[in-house]
Amino acid sequence: MAEYLEQYILPLIKDVERPKKWKHQPSARGRVHAHCGLVNLGCICYMISMLQQFFLVPQFRYQLLKAEDDTPENLAEYKGDLIDDNLLRQLRRLFGYLELSERQAYDPKPFCFAFKEFDGSPTKIGEQKDSQEFLNIFFDRLETQLKPTSQRHLLRDVFAGNQCTQLICQSCGKVKNRIELFYNLSLQVKGSTGIYDSLSKMAKGQTIEDYNCDFCKERVNVIRRSLLADMPNTLIVHLQRIVFSFDTLQNDKVNARFEFPSLLNLKDYSFKERMTKEQLGAEDDGEDLSSLMNVDDDDYIYRLVGVNVHVGTADHGHYYSLIDIQRGAAELDPNAADEEGKTKFKEWSDVSKDSWKVFDDSVVRAFFFDKDLKAEAFGEASGEAEGGERKSDAMTDAELASFLTSGAQTYGKSAYMLVYERKSKKNLHEISFEADKEVDTK
Ligand SMILES: [Zn+2]
């Protein structure tokens, strides 16, 4: 490990300024709980709260620190500093600081400079954005940056899964399959009580009438549904809490209660399970989906390790992260059996026994999972009027006014993104340029 740190991480942060102990002030104290925060330079909590989630995925962090970009330094002046305008190098530098800095928080200005808006300008730090939107753009850019490096497959290996969308003809019974890659599984919150309810609705599907079947060429009813095909090592779930409303013609925050378990089993919503139970032909459209029938049952089992919380309304709010920090080397192996064949699966799956932290901008503090998770993350039917449910999940004008003036930021607090780690992890592939081939790595 020491050798690893020296080789990959020290060069990244050679210019770290050590806190001057004799000038120590409480406001400029060092890192707490052995974790470093990120300074919110304006409204970038959507970004820094997700960067902490990515950093704490061990497979991602350590492989990323090995991804070297050989292009020459591209120095540019930005707000009085000379910054290397290279997203990959700035991300590695940020991770290097989070790994080793003795400061309380790292200033992500160089990262914000290298992470460009669509018009090519540096991140507009005063603009509030959506953390799922950030994830999508960030992964897309990073994928391009990783292409020439040994870590070309990293994002796919760690975060990518596939869904299978099916059209099932109600007349001839044949199935049309379409496989779709995802980097986060997006689930409907409105009208669902939790993850399992939402997935079960997705797997049940909807009837589309008067559809022209590819197989029997008749105008028929088809069922359109979506199943989980193969699943990633680290599953990121997006909860659709910010939705466009046709009543108000703007985005609304849905803060209804939506539950998610610490131990998640997705088998019931999988392609393999449904196709086995229903005896439908998988390869009716000529695509070979046989590999999806060989997925191991363990590959559907996950434990919760991270929650990205959003507080506020669709337009005014704040993001922070709750993260299990007992990961990687500190994590129990759920698959290793002792002499009597007993595994640590039960202990591994009980994440409430792990150490959790709140990563809220510069501040990192303890999080009491058992006591606080439901209140922090499940949301609530906050606007339930007496004698019945209210029609809209949107905030009323009075609530908005009270939210904006209170400063307490407790309205609309609920999980927006979830991070789950799989029980059995696939190997990663890295490119060995010396051997000119791909090699497997854990
Ligand atoms: Zn048909």
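Modeller: Two residues are in contact if their C-beta atoms, placed from the backbone, lie within 7 Å. By that rule, the buried residues of α9 pack against β5 (161-169) and β9 (219-230). This is a predicted model: local features need pLDDT of at least 70, side-chain atom pairs count only at pLDDT 80 or more, and totals for chains, interfaces and linings use all residues. Residues are numbered from 1 along each chain as its sequence is written.

Colleague: Which residues of α9 are buried?

Modeller: Buried means 20 or more other C-beta atoms within 10 Å of the residue's own, exposed means 12 or fewer, and partly exposed is in between. Helices (H or I, at least four residues) and strands (E, at least two) are DSSP runs, numbered from the N terminus. In α9, residues 271-278, the buried ones are F271, K272 and M275. They lie on the same side of α9 because their arc around the axis, taken from the directions to the C-beta atoms, is only 95 degrees. K277 and E278, on the other side, are exposed.

Colleague: How does R61 count, and what does R61 touch?

Modeller: R61 has 18 C-beta neighbours inside 10 Å, so R61 counts as partly exposed. Leaving out residues up to four places away in sequence, R61 touches F55 and F95.

Colleague: In what order do the 4 strands of the open sheet stand?

Modeller: Strands pair if DSSP finds at least two bridges between them. Here the order is β6-β5-β9-β8, with antiparallel pairing. β6 (175-182) and β8 (206-212) are at the edges with a single partner strand each, so one side of each has no neighbour in the sheet. Between β8 and β9 there are 5 bridges, and T207 has I223 in β9 as its bridge partner.
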